[in-house]
Amino acid sequence: MGRMMLTLIVWWTTILLESVILVRCIKNRVVKDYPFFAAYLTCVLISSVSGYIVYEVRYSLYQYWYWAWELVCVIAGYGVVLEILERALESYPGPRRLARNVGLFVLASVVGFTTVQWALEHGASSLRTSVEVERNLRSAESVLLAVTLGVVFYYGVPIGKNLKGIALGYGLCVATIVMGNAARSYLGPSFQAVFSAMSAYSYTVSLLIWSLALWSRYPNPRPEASAQLEADYDSLAKWTRTVLGRMRGRLGKAAGS
Amino acid sequence: MIQLILFLALGVGLLVLLFFLARRTESRAEGGAQALVQARQALNSLQTGLLPAGLVERVFAQDDWGFVSSKAGAGVQRLFLRERKRIALSWVAQVRRQVLSLKDFHSGQSRFYARLDVRTEIGLALSFASLLILCRVLQATFYVRGPYAAPRMVGFAITAAAKVCTVFERSLAFLPRTPAEVLRPNSPGPHVAA
């Protein structure tokens, strides 16, 4: 009874927080900067509210309803990750293209692998298949997000508070789901209760991060227009490569002796 | 089981990145003069930061150890080795800093180019990573075995320092074609500010 009550409290809290964040995003015009994030949050809000109704009115349908909405939210989530990539690197076309190419290659590989796995394991239980499909799709999302963050760190790209909050909250969500689904897929339904609690609490933390980060609008910092340098990239790359190669060679000898 | 470990590693890896993102202090967007000043500073650091070969040679010289070990007592020998080890570690740290400043210079400049080559960039990123790891290996070796534990290694280290300095001098000839040259008022080239 106590656990049921706690679940409902978490459920209502998430609905309340999602509504607050959406209202704030509309009011401070963050929704114009991050439309995919707003769409994702709307999806999750609809899913939370309708889920609560289905759960209370017709519990037998809840599992089907849950997986259908989960798929919608995963697809909307891809929009959020791509939006993080595009917004973080919008003033840096080269790194953006690099992150996009690497990320989309990984994404296509994982989606292809998942499709084949789904087709081959048609006879497996629907719960197991659904868990594995979600795990794979979320993994591709987390790789795409990790590549984006890696590029942001490597090139020292500054990002604004709004975007940082979105990336932190969404990343926490995805990482928890990936790890939870991996454990659920390995341990079976016995891990279900732990997974539900884990994902619910981490999602609540994500909502709190979003509430703080998106309360006001903080535009992403942009470099000055004059920073669009026209000098030859090949010279720079060649120079760096030459110095690096020589240094590595000499130090390699030193280390290997 | 392998799948479980892989996915858990992926999740943990993402959490680590998020931790660094949360800790990151937001610098303001760099651009224009600011970026060029920093590039110039990185270049100066590359040119003058690395210890001169002669000094490195002196630090790792076997003659000093030969003299101390033959003339001084055990206490002085211990003190001498401790000091030399400290200096050797400091030298590797200097080299590592140069590599880092080179990386900062490259990433700081290249991020503005629209036609970055994916292969080149990934290759360079791996090279930077391997070089930084190599410096750590050298640091660990000096820390564990001391500066005189592996004479051949010290010899290579001396050569490395000298060669690196030479390579720097030669390689800097490429740079007048980069925008950093704008900041050098007396240098020739098409980018020199009037």
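## Confidence, packing and rings

Within chain B of this predicted model, the element with the highest mean pLDDT is helix α1 (residues 2–23) of chain B, at 89, and the one with the lowest is helix α7 (residues 151–171) of chain B, at 48. For chain B as a whole the mean pLDDT is 68, with 59% of the residues at 70 or more. Over residues 160–194 of chain B, pLDDT stays under 50, and the model has 60 contacts beyond four places in sequence for this stretch. Where pLDDT is low, the predicted coordinates should not be read in detail. For the complex, the predictor gives an ipTM of 0.79 and a pTM of 0.73.

The largest nonpolar core has 83 residues. The members that touch the most others are A:Phe37, A:Tyr40, A:Leu41, A:Ile166, A:Trp210, A:Leu214 and B:Leu14. Another core, of seven residues, lies apart from the largest one and includes B:Ala88, B:Val95, B:Leu138 and B:Phe142.

Helix α4 (residues 62–71) of chain B has B:Asp64, B:Trp65 and B:Val68 as its buried residues. These cover an arc of only 95 degrees around the axis, so they are on the same side of α4(B). B:Asp63, B:Phe67, B:Ser70 and B:Lys71, on the other side of α4(B), are exposed.

Over all chains there are 15 aromatic pairs. Two of them are set out here.

| Pair | Centre to centre | Angle of planes | Type |
|---|---|---|---|
| A:Trp11 and A:Tyr62 | 6.3 Å | 65 degrees | edge-to-face |
| A:Tyr40 and A:Tyr170 | 5.2 Å | 90 degrees | edge-to-face |

A:Trp11 is in helix α1 (residues 2–27) of chain A and A:Tyr62 in helix α4 (residues 62–88) of chain A, so their pair ties together parts 51 residues apart in sequence. Both A:Trp11 and A:Tyr62 are buried. A:Tyr40 belongs to helix α3 (residues 35–57) of chain A and A:Tyr170 to helix α7 (residues 161–187) of chain A, so this pair ties together parts 130 residues apart in sequence. A:Tyr40 and A:Tyr170 are buried too.

A:Trp11 and A:Tyr62 also belong to one aromatic cluster, with A:Trp12, A:Tyr52, A:Tyr55, A:Trp65, A:Tyr66 and A:Trp67.

Charges also sit over rings. The charged end of A:Arg24 is over the ring of A:Trp215, 4.4 Å from its centre, and B:Lys85 lies over the face of B:Tyr143, 4.7 Å from the ring centre.

Methods. Residues numbered from 1 in each chain as written. Chains lettered and ligands numbered in written order. Predicted model: local features only at pLDDT ≥ 70, side-chain atom pairs only at ≥ 80, totals over all residues. Heavy atoms only, no water. pLDDT = per-residue confidence, 0-100. Helix = DSSP H or I, 4+ residues; strand = E, 2+ residues; numbered from the N terminus. Contact = heavy atoms within 4.5 Å. Core = buried A, V, L, I, M, F, W, Y, C linked by side-chain atoms within 4.5 Å. Buried < 20%, exposed > 50% of the residue type's maximum accessible area, 1.4 Å probe, protein only. Arc of directions from axis to C-beta. Phe/Tyr/Trp six-rings, centres within 6.5 Å; stacked < 30°, edge-to-face > 60°. Lys NZ or Arg CZ within 6 Å of the ring centre and 35° of its normal.
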